[in-house]
Amino acid sequence: MTKTLITRISRLEQYDNSSKTILWEDSTEPRWLGVYGQLKINDNTIFIAGNKLLVGVIENINDRKSIACNNIIEVSCSNDQFLQLHEIYPELISRVKANFPPFIHPQEINIKQLIDDANNKRFVSYYILSGVPKYNELAETFKINDRIILVGPDKKLQNVKLHSNSGLIDFPEALNISTSVDGVTLDEMLKINKSIKRKSLKSNNVTRIENIKATIGKTGLYKFNTFFSYYDALYNKRVYGESTTASSSILKIILKQAETVFKVSMGSGEIREEYFKYFNENNLVVVHGATKAKGTSYQTQGDTFSKQMKIGDYFYLCRSNSHVEVIGRITGDASKCTYEDFEDEGWLQRPYEIISEAISDESYQDEKKWWAPNDNSTCIAVPQHEIDYANKILFVPFFNTTFEYEKKLPIETTSASIMKKPLNQILFGPPGTGKTYNTINKAIAIIEDKNEEEINLESRQGLKDRFDTYLSQGKIVFTTFHQSMSYEDFIEGIKPVEPEKEGDPVIYRIEYGVFRNLCIEASFAIAQTRENKTTEEVLDFSILYDKFSEDVEENLLNGKKVELETKTGGKVLVEGVSQKGNIVIKHIDGTRSYTVSKNRLTKLQSVIKDLDDVNNINDQFREIIKGMNSSAYWSVLNAIRKQKQTKTVKNEIRIYTIDEKKEVVASFQKADYKNHGAKPFVLIIDEINRGNVSQIFGELITLIEDDKRLGNEEALETTLPYSKEKFGVPPNLYIIGTMNTADRSVEALDNALRRRFSFEEMPPNSKLVATDGKLKDNEGFLGDLDLPLLLNTINKRIEKLLDKDHLIGHSYFMLVANFADLKIAFHNKIIPLLQEYFFGDYGKIGLVIGKGFFQPIEEQKDDIFAKFDDYDPSVFAEKPVYCLCDISKMQDDTFKTAINLLLKK
């Protein structure tokens, strides 16, 4: 059976009108498992694009990435009209709404007939008639395949039928199409709908059925205005039966580690019912851009909605606490709300697709959480560690849906395991949770093609030694982002060269940054794996080229004419050598000049084996010479190959300079990066959020994406601003970043960076103190003091007062072996961190660590205040003022007492 994929196309740049093709890019894993994976070459596609259909055939499937469609036929047909085409059997596809998810039609579709019906405006209509006599009276006015529902003599509605030339006929039996009101009277329909508490006006059948009943009584005929009104009135299983309840199968959504579930509230105070109806019908969720932060968070809820929430993230929508609406999945970036005057007032909107609709209209009455419907929050994430609890109290009872984060893959020992590691990842969490510490394990696992589970079992010192070795070899590069980090430091820039002697003018040179250098190293490693174009071949030719250009310059300086032989036996003149080392060729008559690029010539010589076939150069390698004169390239290449000088380096141990490596890389084409098999390189960026990501990465933020890396079909290159060299990111370069969530610079983290990295949370783990810390032999106990309990107690209080992004990490207790170490940890790490978190608010700090760490300031009891009417200064004079104790000077017994007070002992 030929299948048909139906979806909405909102980004029309995916449609090439000239070639009549569509490249449908969608890497969403569940869709490939549940939808796209069923498709084959030559299956059909229908893209709904505004007021037209784009109907085509699948030409190619790039698994987990894209579907290429050709022979696109444009059909003038709106979404509503699409649902009035008989061939599509819209009763089977009721989900075609404003932003429906892609799906495969359950029946085989006669595409030719569908296109013909649409072009000839053969759209069906939907009717209820008072009975057979009324049908016979109006039969000639109906169109073929109009849907007809008759009211029987017993006043009960009969099942839907099709109008035909021979009268009313049933649908094909295999389709099993039947209404939900077969055998129900209009009065019974009205009663059922009145008993249902509607969540919004968007599906209010009561008024519609009252109108149907009145119209049938007067005229004997009711015609539905739209397919949706027809479907909602007659097929709504949630109202008439077979509704989704807790006893039915639960929808399970598997979340990737980087995906998040959010709460979004659109309250009735600012969003009136008619506004809410519009947003629902158009699958838009809106939040005001100036919505304040929750608690003491540095990030506003408006920024959470527009920046933190990513395409592919999930959310549940509630109407304050009156009811919950849907679970949706974000399908687009945030933009200004275009409805009425919402844009001027600062509202933002995001499109979504519906995943689950609410099965209960009751108000939420369970525990009050920030992410729960009964909390006064607008846009806030459901913490990953609370997702199971949210399932229990919210998602199952109200949506019959659960969320579950995917589990880590089991240990694999195959060499393919390296390919499963993300190319770009960020470890995030509060300070002291081992983010930088764990970059060592991750980097070694990548370099050695092992799973992290294997690496974690090895000794720490052995890992550190290997890490240092890879650093010295340049296979791993470690850098830290900071506020003054720039594009020039990271990619390339113009740097001054120190004059040889005083008085010499300052000259400048282009110097590569850390990322540019590492990309050259990684690309060069790929070059060394190629059998058809070795690095020695490229560099040998480079030496010959340089010798040739030196000879040319010397001859020209001595006034000698330099002529080269052309393929046809003629002559061309060499006019000179450019500053970049390119050869400038001029015809004998001097009418035209051509520049022969060294880089392009290097590429040509490595693939052209037969100089006699100059046409072959034009046909197969015009991409290399970019339309330049092939005869000029042939003449220079021929002259160089005639040189008798050669240099053999194949049997020597050779240390290549960065310039030599760059020359090899410059000779590469995109296809040379495919299936490379080269060893990986790793760039570790510590504190990635502290730098201005937009300025540091520049246009390269796109080039680091997996499918934009060199060697992929969608690979991209850019021209660097200073060197004017082509640049792309090789596929064997991995980037690992760390991000401190307690740092206020997190709120400025570029949204583009969020979309291009996978995020792995590194929360505090008190268990490690007991299993891996200095006191592991005592299971984390320092005497009778339970260090894991101490850590958890402090963090529970911080989370209540702030949030989970400002906890303290387990690393502060890992090296504690005695009370002296614990005092140092409190004095140097924990207390200063709490002062930063709470901006010196000793009241809140005291709520975290207790009064044992504070002492009152002794003051004279004299009257220190100025006089002011109606105030008694003695009241304030008696108020105690506290300061933090100097922990380094506390006696051990005093310190132990303070710890016990912290733990409420």
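This is a predicted model: local features need pLDDT of at least 70, side-chain atom pairs count only at pLDDT 80 or more; totals for chains, interfaces and linings use all residues.
Residues are numbered from 1 along each chain as its sequence is written. Local features need pLDDT of at least 70 and side-chain atom pairs count only at pLDDT 80 or more, while totals for chains, interfaces and linings use all residues, and side-chain values rest on heavy atoms, with hydrogens and water left out.

The protein chain carries 31 helices and 38 strands (DSSP runs, H or I of at least four residues for helices and E of at least two for strands, numbered from the N terminus). Of its 905 residues, 49% are buried (under 20% relative accessible area; exposed is over 50%, partly exposed in between, with a 1.4 Å probe and protein chains only). Take the contacts (heavy atoms within 4.5 Å) between residues at least 6 apart in sequence: 66% of them join residues at least 24 apart.

On to the cysteines. With a disulfide taken as a pair of cysteine sulfur atoms within 2.5 Å, the count is zero. Cys883 is in no disulfide, and its nearest cysteine sulfur, on Cys885, sits 6.7 Å away. Cys883 is partly exposed, at 22% relative accessibility, whereas Cys318 is buried, at 0% relative accessible area.

Gly217 belongs to helix α6, which spans residues 205–219. Gly217 is exposed, at 64% relative accessible area. Its C-alpha lies 8.0 Å from that of Ser130, although 87 residues separate Gly217 and Ser130 in sequence.
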